[in-house]
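Look at the structure below and turn it slowly. We will follow its sheet, its helices and a few charged side chains.

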Amino acid sequence: MASSDRNAPLRLGTIAPNFQADTTKGPIDFHEFIGDSWVILFSHPEDYTPVCTTELGEMARLEPEFKKRGVKLIGLSANTLGSHEGWINDIKDVTGSQVEFPIIADKERKVAYLYDMIDYQDTTNVDEKGIAFTIRSVFIIDPKKTIRTILSYPASTGRNSAEILRIVDSLQTGDKHKVTTPINWVPGDDVIVHPSIKGEEATRLFPNLKAVKPYLRFTPLPKDA
């Protein structure tokens, strides 16, 4: 695919494109797979590669934490189902974690092109046929099928799984409480009252509000929140 033929770039707030694909857990329609859950779709350059193996193992280890938050995981790699299945065995051998979430078989890069996961900057990052590898992309998608976060890592750099989990916590906390989260926020830290909440409504909703500046107001959340 020439650069002029690339799909329009996906942006935060757009609806995640639907697709049908074969996965290690059977064929899926992506929008049906999302259902009423949050979903993290993440791609890998290729099976049986060292960085990818560590990533899949860690995401498998953390899957219970994502499930607690109502989040489904689904991976993608530009290889066949047979390759994926063998690789899953290697991942367990190396990391001790069993991959239970589906991995999309995207040998023809159809989903990779649809989601603009192709390595465009490093033209040397190609397979034996000269086809560009997928980069390490992460899409966090909410139950309305809206893309809420896009992360792109170069093929040489493994993802930060703790950051992906932290982003989910921030998005879900913000949606629930009408707040935003400051730099390096983790659950339990104070949050920022959304600027759209004014005056008496702010003090009613957040009785422990502390205004540092008129536009910067911190508040703790209830411990059970």
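Buried means under 20% relative accessible area, exposed means over 50%, and partly exposed lies in between (1.4 Å probe, protein chains only). The model is predicted, so local features need pLDDT of at least 70 and side-chain atom pairs count only at pLDDT 80 or more, while totals for chains, interfaces and linings use all residues. Residues are numbered from 1 along each chain as its sequence is written, and side-chain values use heavy atoms, with hydrogens and water left out.

Start with Glu55. Its relative accessibility is 7%, so Glu55 counts as buried. Arg136 has 2% relative accessibility and therefore counts as buried. What joins the side chains of Arg136 and Glu55? They meet in a salt bridge, 3.0 Å from N to O. A salt bridge here is a side-chain nitrogen of Lys or Arg within 4 Å of a carboxyl oxygen of Asp or Glu. Arg136 sits in strand S6 (residues 136-141) and Glu55 in helix H2 (residues 50-68), so this pair links parts of the chain 81 residues apart. Helices (H or I, at least four residues) and strands (E, at least two) are DSSP runs, numbered from the N terminus.

Glu55 also meets Arg159 in a salt bridge, at 2.9 Å from N to O. Arg159 lies in the loop between strand S7 (147-153) and helix H5 (161-177), so its pairing with Glu55 in H2 ties together parts 104 residues apart in sequence. Both Glu55 and Arg159 are buried.

Now go to Glu65 and Arg69. Their side chains form a salt bridge of 3.1 Å, N to O. Shared partners join Glu65, Lys68, Arg69 and Asp169 into one network of salt bridges. Glu65 is partly exposed, at 26%. Arg69 is partly exposed too, at 22%. The count of salt bridges comes to 10.

Next, the sheet. Five strands form an open sheet in the order S5-S4-S3-S6-S7, with mixed pairing. Two strands pair if DSSP finds at least two bridges between them. The edge strands are S5 (103-105) and S7, and each pairs on one side only. Inside the sheet, S3 (residues 38-44) and S6 run antiparallel, joined by 4 bridges. Leu41 stands opposite Phe139 in S6.

Finally, find the hairpin. It joins S10 to S11 through 2 residues. S10 (residues 210-213) and S11 (residues 216-219) pair in the antiparallel sense over 3 bridges. Lys213 stands opposite Leu216 in S11.
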